[in-house]
Amino acid sequence: MIYTCTMAPSIDYTAYLPEFDNGKLNRTNRVYYYPGGKGINVSRVLKRFGVANKALGFAGGFTGRYIEEYLKNEGVETDFIETAEVTRINVKIKSATETELNGPGPELGPDQLQALLTKVHTMNKGDWFVLAGTLPNTIPTDYFLKLARICENKNIRFVLDTSGPILKSLLNTPVFLFKPNQQELGELFGVEITSMTEVYEYARKLVASGTEHVVVSMGGDGAMLVSEKTALIAKAPKGNVVNTVGAGDSVVSGFIASYAEHGDAAKAFRFGVASGSATAFQSDLCQKEDVTKLIDQIEVYPFEDKDVTG
């Protein structure tokens with residue numbers, strides 16, 4: 001079973017309008033209400049690919065109930081831990097430029113945190129645990145290390161799609177897949193990464209410290225996969241970018257869905273990049289048929305066309 005975990009889910013209220021005037025009344029052309037959070041996005045896309053999974057995390061109030069009902073209507077299993085607070089609403093304004101207003105995540109107590117540890121303890125060898133999205137800095141770092149150690153001890157594939165100070169300690173534990181973007185990779189090492197060579201060098205550092213696969217998204221330059229004996233570049237297909245929210249999460253979903261079926265990292269990388277691109281080209285998350293249409297456009301080749309096994 002694949003489990004995703006979103007520590008601070010949301011309802012994403014996305015509004016489209018031709019122009020946004022700050023301080024004035026603005027009327028939208030159309031709006032969407034989607035359950036938000038990186039782990040939730042991974043779950044939704046996996047289900048669209050026909051891959052069973054269960055969404056974990058923390059939710060409460062009428063917004064929390066809306067998220068659970070929405071996911072169940074899409075066929076995604078949920079097992080959220082209830083919070084006393086109303087789950088946040090994040091506002092996304094799509095006009096000539098994008099503006100976001102994100103609410104605060106929930107305050108989580110010891111009982112709620114223990115409940116998540118207990119759920120991970122019940123997982124089995126070969127399961128997947130995807131920890132995605134913001135990790136609240138109000139939670140002690142050693143809590144997330146406990147989650148990672150449970151995965152290590154039970155041979156659960158641990159997937160990370162997050163950023164921030166807590167991340168550094170997690171990457172010293174065995175991680176099956178880590179998916180930063182280029183900027184997040186640089187922030188992790190306190191540097192600005194400006195070339196593919198630097199992307200490769202810093203991704204290799206993560207592999208050397210115990211991460212099995214690192215997929216770095218690089219916007220219009222595509223993405224890079226770095227593993228112990230592999231370094232691949234995938235070119236992004238051409239298309240009209242409509243919405244970047246969820247594109248990176250779709251890369252994770254595509255990689256997991258393909259790898260779970262074929263056990264081939266290169267094939268999973270290609271499918272993941274096609275998934276991320278398919279999401280970017282529309283207002284909501286991709287469907288499997290969207291990915292199928294793009295997969296042949298994804299050109300994958302070795303980094304610098306040379307052997308990087310050493």
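**Exercise 1.** In which sense do S4 and strand S5 pair, and over how many bridges?

*Solution.* The model is predicted: local features require pLDDT of at least 70 and side-chain atom pairs pLDDT 80 or more, whereas totals for chains, interfaces and linings use all residues. Residues are numbered from 1 along each chain as its sequence is written, and side-chain values use heavy atoms, without hydrogens and water.

Step 1. Helices (H or I, at least four residues) and strands (E, at least two) are DSSP runs numbered from the N terminus; two strands pair if DSSP finds at least two bridges between them.

Step 2. S4 and S5 (residues 77-82) run parallel, joined by six bridges. Within this pairing, Leu56 has Asp79 in S5 as its bridge partner.

Step 3. S4 also pairs in parallel with strand S1 (residues 2-6), over five bridges.

Step 4. Together with helix H2 (residues 61-73), S4 and S5 make a right-handed β-α-β unit (with the strands pointing away from the viewer, the path from the first strand over the helix to the second runs clockwise).

**Exercise 2.** Determine whether strand S4 is mostly covered or mostly open.

*Solution.* Buried denotes under 20% relative accessible area, exposed over 50%, and partly exposed in between (1.4 Å probe, protein chains only). Six of the seven residues of S4 (residues 53-59) are buried, and the strand is thus mostly covered.

**Exercise 3.** Characterise the aromatic pair of Phe49 and Phe271.

*Solution.* Step 1. Rings of Phe, Tyr and Trp (its six-membered ring) pair if their centres lie within 6.5 Å; planes under 30 degrees apart count as stacked, over 60 as edge-to-face and the rest as tilted. The structure holds 13 such pairs.

Step 1. Phe49 lies in the loop between helix H1 (38-48) and S4, and Phe271 in helix H9 (residues 265-280), 222 residues apart.

Step 2. Phe49 is buried because its relative accessible area is 8%; Phe271, at 18%, is buried as well.

**Exercise 4.** Which features involve Phe176?

*Solution.* Step 1. The planes of Trp128 and Phe176 stand at 85° with centres 5.2 Å apart, so this pair is edge-to-face. It links strand S8 (residues 128-132) to strand S10 (residues 175-178).

Step 1. Both Trp128 and Phe176 are buried. With Phe255 and Tyr259 they form one aromatic cluster.

Step 2. Arg157 lies over the face of Phe176, at 5.3 Å from the ring centre (the criterion is NZ of Lys or CZ of Arg within 6 Å of the centre and within 35 degrees of the ring normal).
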